[in-house]
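Please look at the sequence and the structure below. The paragraphs after them start at the surface and then go through the fold, the side-chain pairs and the confidence of the prediction.

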Amino acid sequence: MEETLVFVSVGATATAEQEAFVRSIEDRLRSESLVPKTIGRNTFSADAPLKAITELMEHCAGIVVIALERSYFPAGLDKRGGPRQAGLTEVRLPTPWNHIEAAMAYTKHLPLLVIVEAGLKAEGLLEPGYDWYVQTLPLEAAALASNEFNGVLADWKEKVLVRAPAAGATAPRRPQALNPAELSIADLLGALRPVQLWSVAIALAGLLAGAFSLGARLVPPLKDPSPARSALPGPANPAAELQAGDTSGRG
């Protein structure tokens, strides 16, 4: 079975327990012929993070969001200083990249599989009620063998495989550069965008107009082919011409 790329949104693990849980999910995906790809974990790029994420998602057919504890606050205040101020205790938050990458994937219509560590604060795109199902699981490999997880995974995988042909092959492919010397005029025009075609048309129109204007200045106007009577050659004094003819005729 051909492997399909899936984007995995997960922050850098802080404990051995978190790392083991993430590896268990990655292994489960590979057993389903799905290749997990994570920026900074198993996929690296010299581009800025958002650009690298966008490019990688173009080749993925789905996304798995693994929200793990990153920040912990024993106590705090919500809406501090306002009339609705409330106390907070034992607040646990994931990396904000979970929200960013989930939103980016949703705009690309990628199927989402959202897994949230038990005890995290449910907010943003990680709380129930959106267009995807949020599973709250303990950090145990056994949690990935439950009927609930298997059922949600199977349904998500079915949606992923529908998108897989459009996502492309297992490895990102860059478009092949075109060589203008090997293209015909029709190929060159077909490769242009509508805005570029309009620019070419306007440039050609201006070039033709300039050529006609230049030609009109360089070519002299045609003269009347019938010469005037005053220009016809003839003797200035007919009598003198007759006299000269008589003298030359003596012998």
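Leu50, Trp97 and Ile100 make a nonpolar surface patch of about 250 Å². Patches are made of residues with over 30% relative accessible area and no salt bridge, like charges being joined within 9 Å and nonpolar side chains (Val, Leu, Ile, Met, Phe, Trp, Tyr) within 5 Å. Trp97 is part of helix α3 and counts as partly exposed because its relative accessibility is 31%; buried means under 20% relative accessible area, exposed over 50%, and partly exposed in between, with a 1.4 Å probe and protein chains only.

The model is predicted: local features need pLDDT of at least 70 and side-chain atom pairs count only at pLDDT 80 or more, while totals for chains, interfaces and linings use all residues. Residues are numbered from 1 along each chain as its sequence is written, and side-chain values use heavy atoms, with hydrogens and water left out.

The protein has seven helices and seven strands; helices (H or I, at least four residues) and strands (E, at least two) are DSSP runs, numbered from the N terminus. Read from the N terminus, the order of elements is β-α-β-α-β-β-β-α-β-β-α-α-α-α. Of the 251 residues, 27% are buried. The accessible surface comes to about 17,000 Å², and 59% of it belongs to carbon and sulfur atoms; such areas come from the Shrake-Rupley method with a 1.4 Å probe, and for residues only the protein chains shown count as cover.

How many salt bridges does a search of the whole structure find? The search finds eleven, a salt bridge being a side-chain nitrogen of Lys or Arg within 4 Å of a carboxyl oxygen of Asp or Glu. One of them joins Glu26 to Arg41, with the closest N and O atoms 2.7 Å apart. This pair links distant parts of the chain, as Glu26 is in helix α1 (residues 16–31) and Arg41 is in the loop between β2 (34–37) and α2 (49–57), 15 residues apart. Glu26 is buried, with a relative accessible area of 5%, whereas Arg41 is partly exposed at 26%.

Another salt bridge, between Glu58 and Lys108, has an N to O distance of 2.7 Å. Glu58 is in the loop between α2 and β3 (63–67) and Lys108 in the loop between α3 and β6, 50 residues apart. Glu58 is partly exposed at 46% relative accessibility, and Lys108 is partly exposed at 24%.

Arg92 and Glu69 also form a salt bridge, their closest N and O atoms being 2.5 Å apart. Arg92 belongs to strand β5 (residues 86–93) and Glu69 to the loop between β3 and β4 (71–78). Arg92 is buried at 18% relative accessible area.

The whole structure has one aromatic pair. The ring centres of Tyr106 and Trp132 are 5.4 Å apart and their planes are at 65 degrees, so the pair is edge-to-face. Rings of Phe, Tyr and Trp (its six-membered ring) pair if their centres lie within 6.5 Å; planes under 30 degrees apart count as stacked, over 60 as edge-to-face and the rest as tilted. Trp132 is buried at 10% relative accessibility, and Tyr106 is partly exposed at 39%.

The mean pLDDT, the predictor's confidence in each residue from 0 to 100, is 80 for the protein, and 65% of its residues reach 70 or more.
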